[in-house]
Amino acid sequence: MVAQSDLAFRLQTVKHGATLTYTQMLHARNFVASKKFQTDNYDFTPSLEGLNSPSGVPVIAQIAGDDVRCMVEAAKILEDSGIDAVDVNLGCPQAIARKGGYGAFLGRDVEKATEILSALTRAVSVPVTAKVRIQPSLQTTLDIVRRIEGTGISMLAVHGRTLEENKTATKEANWRAIREVRKALSIPVIGNGGIEYNSDIKKMLEATNIAGVMSSEGLLENPSLFTPQLDDSELAPRDILDRQIMLAKEYVELAGIHEPVSCGGAGGHSTVKAHIFKMLYRALDNERFHDLRNRLGDSKCYKLEQTVGIIDEVEERLNGMDDGEITFPTEEFSWYRRHRQPVNAREPVEEMSEEERKAAIRQRLMAMKIQREEKERNKRMML
Ligand SMILES: Cc1cc2nc3c(=O)[nH]c(=O)nc-3n(C[C@H](O)[C@H](O)[C@H](O)COP(=O)(O)O)c2cc1C
């Protein structure tokens with residue numbers, strides 16, 4: 001995930017059960033053109049040192065672009081760096097991807113996409129994989145993925161949403177389409193979309209019969225998602241927030257050891273801040289914590305110790321509150337659900353109380369602010 005798949009975060013998710021990780025998407029043309037871009041966006045320590053079990057926890061580097069030569073060259077550099085596989089992003093829906101003709105826009109241009117994938121499978125000896133979104137028509141989806149499989153790639157990740165179903169138009173992921181893709185292909189298929197809780201993993205595996213499950217937004221908020229655990233709806237608010245604080249502390253400790261790369265020149269600490277915003281999203285939304293949220297968002301907060309201090313203060317304040325006082329909306333207003341329908345249909349808006357509606361608006365504004373910051377950063381990386 002752009003500016004969020006840093007080594008520290010990958011290590012944290014592996015600690016909690018992830019068995020395969022990806023780097024953030026790397027723009028191939030920029031990656032090839034500039035050594036600085038390479039070291040700013042890729043940590044060149046892809047192996048998960050210290051955590052490599054005898055079976056190993058592979059890490060895949062994801063590249064994006066529409067230029068065959070640049071894609072091949074980038075893949076070769078990544079192969080030389082010791083990466084386990086190279087993935088091509090055929091799913092990014094952002095305007096910048098439209099402009100650059102990559103991501104989901106390349107995914108629709110099946111001639112070009114297959115040309116790139118075929119060139120990559122010939123050029124590197126590590127496995128080449130791809131990640132796609134589904135198309136509005138199942139038949140088109142199946143036609144495209146069959147062509148993609150024909151290029152010799154080793155694995156396909158399928159996000160069960162169309163190009164249009166993103167941001168505020170994000171809907172429940174279409175697991176039926178993922179199941180059909182799985183049935184149509186011989187290579188392993190990874191399913192993506194709609195994993196909010198650990199229990200969803202089993203549900204998705206059973207519904208689709210795929211080889212593995214990929215999580216993004218759910219994992220960003222709860223990096224322990226792959227460890228068997230109760231759903232948030234079954235936990236008391238304090239338990240949820242205690243878990244989130246534990247995860248935030250664990251992440252900053254890892255980030256202290258493996259400082260995130262600078263990500264488009266914005267500095268590694270902006271990656272750390274974006275992680276902590278998501279992990280502590282529900283706590284920081286409470287009015288009693290707004291000052292801490294603002295402190296974290298402040299550009300002057302650029303050192304790890306300052307972030308650690310903010311996490312400690314969140315914890316201290318929570319410890320000083322009675323359980324009855326911790327009445328934050330904890331499930332409906334999670335980072336995961338900030339702009340989407342939950343897996344189980346949500347209460348109609350008109351049935352929300354005034355207080356809930358206000359909380360939802362505050363969450364939306366906060367999410368927009370963070371997204372704006374991330375967008376700015378991404379722009380710097382992708383241009
Ligand atoms: C902050 C952020 C960054 C992302 N960056 C990438 C990326 O670099 N490459 C990619 O294939 N998908 C990226 N995605 C999309 C996710 O991988 C995933 O397809 C999408 O969020 C749906 O999965 P989910 O329901 O588990 O969140 C990103 C998503 C988020 C929220």
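What follows is a short chat about reading confidence, a helix pair and a ligand shell in a predicted model.

Guide: Residues are numbered from 1 along each chain as its sequence is written. The model is predicted, so local features need pLDDT of at least 70, side-chain atom pairs count only at pLDDT 80 or more, and totals for chains, interfaces and linings use all residues.

Visitor: What is the mean pLDDT of the chain?

Guide: pLDDT is the predictor's confidence in each residue, from 0 to 100. Here the chain's mean is 87, with 82% of residues at 70 or more.

Visitor: How do the axes of α1 and α12 cross?

Guide: Helices are DSSP runs (H or I, at least four residues), numbered from the N terminus. Axes are lines fitted to C-alpha atoms over the stretch in contact, with angles from 0 to 180 degrees between N-to-C directions. Helix α1 (residues 7–15) and helix α12 (residues 237–257) have axes that come within 8 Å and cross at roughly 130°. The two are therefore oblique (under 35 degrees is roughly parallel, over 145 roughly antiparallel, 65 to 115 roughly perpendicular, the rest oblique).

Visitor: Which residues meet there?

Guide: Contact means C-beta atoms, placed from the backbone, within 7 Å. A8, F9, L11 and Q12 of α1 meet E250, Y251, L254 and A255 of α12.

Visitor: How many residues surround the ligand?

Guide: A residue is near a molecule if its C-beta atom, placed from the backbone, lies within 6 Å of it. The ligand has 18 around it, the closest being M1, V2, M25, S216 and E217.

Definitions and conventions: Two residues are in contact if their C-beta atoms, placed from the backbone, lie within 7 Å.
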